[in-house]
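This report describes selected local features of the structure shown below.

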Amino acid sequence: MFWKFDLNNTSHIDQLLDREGVTLRELMEEEDVLQECKAQNRKLLLFLSKDHCMQELVTLITEEPPADLEEKTRFKFPNIACELLTSDVALINDKLGGDESLLEKLYHFLEQEPPLNPLLASFFSKTIGNLIARKTDQVISFLRKKHNFISLVLNHIDASAMMDLLLRLISCVEPAPLRMEVLNWLNEERLIQRLTELMHTGRDEERQSNASQTLCDIIRLSRDQANQLSEVTEPDPLLAVLESQENVAELLKNMFEGERTEASVVNGTQVLLTLLESRRSGHACPSYTVNSSILCAIEPHLKDFQQLLLNPPTRSAILTTVGVLEQPLGSARLHVARLVASLLQTCDLSICQEICRLNTMDLLLDLFFKYSWNNFLHLQVELCVASILNHSAHADLQNPGLQNHEERPLFQHCRLVQRILDAWEENDKNQAEGGRRRGNMGHLTRIANTVVQNLEKGLAHSQMNDLIKELPEDCRGRWESFVGETLRETNRRNTVDLVSTHNLHSSSEDDDMESPFPNDLSIQQAFSDYQIQQMTANFVDQFGFNDEEFSEHDENINAAFDRIAEINFNIDANAAAFEACCKERIQQFDDCEEEEDIWDEKEINYFIEHSLCLCTDSSWTASFGDTEVSSSSSWGGPPQEGGEGPQDTSWSSFTEFHCIMLLMTLFGLCLNYGNTFISVYPLTFTLQHRVQPD
């Protein structure tokens, strides 16, 4: 093939760099400037590392572009500049991290009055974060000299990029001794206490939200790194402050002091929930032990959370898919329910007794049945009930009276059994009248099953059965009927497959095809054992095929074609027609101005005509060894009268199709013989040697 494409890989950037007076903006206009930078283009890197270029790049990511520019292209160059500075190229990192004037220019961005441009703030945070990871010593030393660094970052905490910058300081510093120095420095700057102060109800919601998220991330990062870095013996100072009773008490004070807003309650509760995490969901990390100081700080404020359940922050009515909700549940009460569930899972005796004294579970059950379509709330109430009933598996064995202490109010004061029965009957009545099934029935079924399981085989089943016996006689009868009939039938329906997997027939056309895989379970087990077998040292030598197996086949590939050379074709007539056919098709690759498109469709109809002409008007002789067949034989013609035609004791009779295939093969041989640049794969044909039985 003759390629028409230009395969010159020279970048246009190299041509620009060879030109005198090229500017940084001209290079940044090129689409492949980032690719060339990451590909370590030496000319480009030397140009970018010049002082005036580095100054311009830093200016682009720290100063607002002109406001009169089109919005689509206004931040084009700042974005490209940030990508160049964070391309993780050693030459640029060394220049940016080693030049204090450039670091001062970057630091000056924090000295602006809030609010910062969020896009420029993200460029700044990304650039500094990359330097913290790559030029740790230089950047940390520079930042520690700035006594107001933490104050400036917290002053702009309303920008989420500043939150990311703080987390990079905590998580991206290596090695471990240097990281501990950074943590001690941040602790000396009272980072945790300052973030906690931002949780006050008087702060704006954006600052509260980012401060809360920062504290939650610090807790998780510190715990994860403490588990991963086993050689670190010194405790994390930031985590120690976060888990201290003084800091948790200050957080709760900021949440409830002054006017209680939903934002302060939600953001503060999120920090408490993170502190109470015993294991992160979706992570195979070891469980954490909840510090008792956290529970001691929370216990005095349980009454404040109880008051939130009774009098939440006001919210306007909202329209839902099931109608208008005049008084929504709200995020504040939902987070309180989550907090109660987490506290009950700690199995702390003092906390559980205080929750029972405040009748918190009674209020949560009221909300469970009132907001029948809020599945987030239903899940938390279910967890609370399960924690109370299953404390035999989670509580400390040194508190044997804990279960009965919580279960009695749940069955007597909260009337759990009666509420389950009444809600179920009310739902059945509503459905019988044409209404829809209530949204909390699924969780109610699970709560009922939890009660039944603990009554039957729980470690405290005797105490629970005594509580059931204390119920009124009519209630006990309803409960026994419900468990034996209604609940059992509901569980049976819930476990039935929605679609039967038996006798399924496919509607595809491959119904009659048998599976190539055996159905024998023993064979499948053997194959499974083979897959998990240990790979030995000689596995590679035994795997696959031997080269000798291929060599034997290679020797026999051309065996069937070797005898073709013994065939002698002699065409006695119409040789001129055959040559005309070949000349009409064969064309030399002469250099000409107009090249023919090889992919154009053309109608070719002369070949069959010439071939048929040759087949019908010529006589031929084909000799194969001692056997000779001539054109006098019948070519697919009718047999002679009486059914006794000439007995073919050599090759089969040729049809017109065979003749065409023969001529096409000869045509391919002629092309190969003509020393042309085209290779025609000759079509193979089979001349079967038939021997008639005697």
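## Positive phi angles in loops

Asp88 is found in the loop between α7 (76-85) and α8 (90-98); helices here are DSSP runs of H or I with at least four residues, strands are runs of E with at least two, and both are numbered from the N terminus. Although Asp88 is not a glycine, its phi is positive, at about 60°. With a relative accessibility of 40%, Asp88 counts as partly exposed, a class lying between buried (under 20% relative accessible area) and exposed (over 50%), as computed with a 1.4 Å probe on protein chains only.

Gln40, in the loop between α3 (33-38) and α4 (42-48), likewise is not a glycine and has a positive phi of about 60°. Gln40 is partly exposed, its relative accessibility being 47%.

## Basis of the values

The model is predicted: local features require pLDDT of at least 70 and side-chain atom pairs count only at pLDDT 80 or more, while totals for chains, interfaces and linings use all residues. Residues are numbered from 1 along each chain as its sequence is written, and side-chain values use heavy atoms, with hydrogens and water left out.

## Cis peptide bonds

The peptide bond joining Pro114 and Pro115 is cis, with omega about 0°. Pro115 belongs to the loop between α9 (100-107) and α10 (118-134).

A cis peptide bond also joins Glu174 and Pro175, again with omega about 0°. The loop that holds Pro175 runs between α13 (160-171) and α14 (176-188).

Asn79 is located in helix α7 and is partly exposed, with a relative accessible area of 34%.

Thr214 is placed in helix α16 (residues 205-228). At 0% relative accessibility, Thr214 counts as buried. Residues up to four places away in sequence not being counted, Thr214 touches Ile157, Met163, Leu166, Leu167 and Leu195; contact means heavy atoms within 4.5 Å.

## Burial of helix α21

Helix α21 spans residues 302-310, and its buried residues are Leu302, Asp304, Phe305, Gln306, Leu308 and Leu309. What covers these buried residues includes α18 (245-256), α19 (262-275) and α20 (292-298), together with α22 (330-345), α23 (349-357) and α24 (360-370).
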